[in-house]
Amino acid sequence: MEQTKSTWVTRALDKVEVVGNKLPDPAMIFFICLVVVWTFSALLSQVSFSAIDPRTGEAIIVNNLLTGDSLADFLSRMVTIFTGFAPLGVVLVAMLGVGVAEHSGFISAGLKRMLDSTPRSLLTPMVVLVAIVSHTATDAGYVLVIPLAGVIFYAMGRHPLAGIAAAFAGVSGGFSANFVPSAIDPLLQSFTQEAARIIDPAIMVNPLNNWFFNSASSLLVIGIAWYLTDKVIEPRLKNVEVDGDPKEIPKFEDLNPKQTKALRWAGLSMLVGIITLVLVLIPETSPMRDANGELTSFSAPVMQSIVPIIFLLFLIPGVVYGYLSGTYQTTKDMIDSMTKAMNGMSYYIVMAFFCALFIDAFGKSNLGALLAIEGAQVLKALSLPAMVTIVGIVFLTAFVNLFVGSSSAKWALLGPIFVPMLMQLGISPDLAQIAYRVGDSSSNIVTPLLPYFPLVVIYCQRYVKSTGIGTLLSLMLPFSVALLICWTAFLLIYWSIGIPLGVGASYVYPAP
């Protein structure tokens, strides 16, 4: 009976893979959406609508973007639309610092030390914890933590596929859970703010608006992954033989004395940086506070400096580790690390170009506002409780994620629809964003369209040669279902209690 269920699930997900593979590249999707917006702006500009634009108090009007004047304006602003696209600078600046920390070996050494010093009984939760924290270094979790987890499980006499599954659940399934703010936070926030300004041009969204919930979610993800790995996944793997070539199975290499010393000093430099920041923030006259002495207001310099702070907190330890470990010999080596980080962002820059044009057109045409207002009217007519609406957003996102893998690309598409529509229902952009993040994370690990999914299959094949996509899906499906259900329930409970979602965040719009 179990085999029948697995076969049915595998077939269903295989069909998802086939359909998803036929979708255009995300960058091309944005271009197609741009053309669609232009077309509908011309068609609907001839229609009179009774919906009231909350920004003007008058009936909303769709602006035709295909007139000569509109096209001339579009061409004259194309460069500034792209260079002024908020997420672009956010990501590139943060990645310059993270790139140094990653390519110098600092992040790799820190993760190895954390796992190496963990007792066998706590190995699973530590692997998941390290996987969650690895989000601060973007792809480090996929290329380092997941294969390393298999190595450590195997070295401790446990099934390596269980270690890989646990790490994959933490890295990808728990993508929106983290104790440490990372580049993904201001990235998604910038998309959310752009979307919210379709309704409220003056609105400000804090980069750490989901931090408290993300931190609490880390404990939930660790607990779920720990239980499923030890009680469900590993027992199922008991009769799965490890038949990989011993020569091909990677070995766990301890840090040498030079790397250990470098890690110690790099970690100390990061600690000094954090302490220095705290000491600067404490005085009531701190230049990092706003005019009223507040730290968490939108106008406070510290809130506007989150990305530069992330940049410095990774750059300095990365440089210290690089020179002390011997990875860096000259300043050129450090610059090369930044260059490599930017090389990895080349695709994102291309996607951001088309995304910026689409979002600008979506806003200028008033189609976004029209869709939000009319959609909100439909939801109001249904009289659904706010919590039911949020659950619908979570599950809809989880479904869309099976076809569109990129978290930022997906939110760039859905944000301009979800955020303004929910604002019309009195639901804040902060809550809309976290609902999206829960749904996006939960189904990450069961979509073969995830760019790193084939890589994880290869990691598994090092130990079990017969591993295929269906094998990995069968391992990860329990994590995905449990995360989707439990995390959604956790969000509703968290909301009911009224615990803040993050810094400067609110559950309702307009904020009290």
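1. There are six salt bridges in this structure, a salt bridge being a side-chain nitrogen of Lys or Arg within 4 Å of a carboxyl oxygen of Asp or Glu. The model is predicted: local features need pLDDT of at least 70, side-chain atom pairs count only at pLDDT 80 or more, and totals for chains, interfaces and linings use all residues. Residues are numbered from 1 along each chain as its sequence is written, and side-chain values use heavy atoms, with hydrogens and water left out.

2. Helices here are DSSP runs (H or I, at least four residues), numbered from the N terminus. Asp 73 joins Arg 77 and Asp 360 in a network of salt bridges.

3. Asp 185 and Arg 437 also form a salt bridge, their closest N and O atoms lying 3.1 Å apart. Asp 185 belongs to helix α9 (residues 184-196) and Arg 437 to helix α18 (residues 429-442), so the pair ties together parts 252 residues apart in sequence. Both residues, Arg 437 and Asp 185, are buried (under 20% relative accessible area; exposed is over 50%, partly exposed in between; 1.4 Å probe, protein chains only).

4. Lys 332 and Asp 336 meet in a salt bridge at 3.2 Å, N to O. They are four residues apart in helix α13 (residues 331-343), so about one helical turn separates them. Lys 332 counts as exposed at 53% relative accessibility, whereas Asp 336, at 28%, counts as partly exposed.

Technical notes. Helix = DSSP H or I, 4+ residues; strand = E, 2+ residues; numbered from the N terminus.
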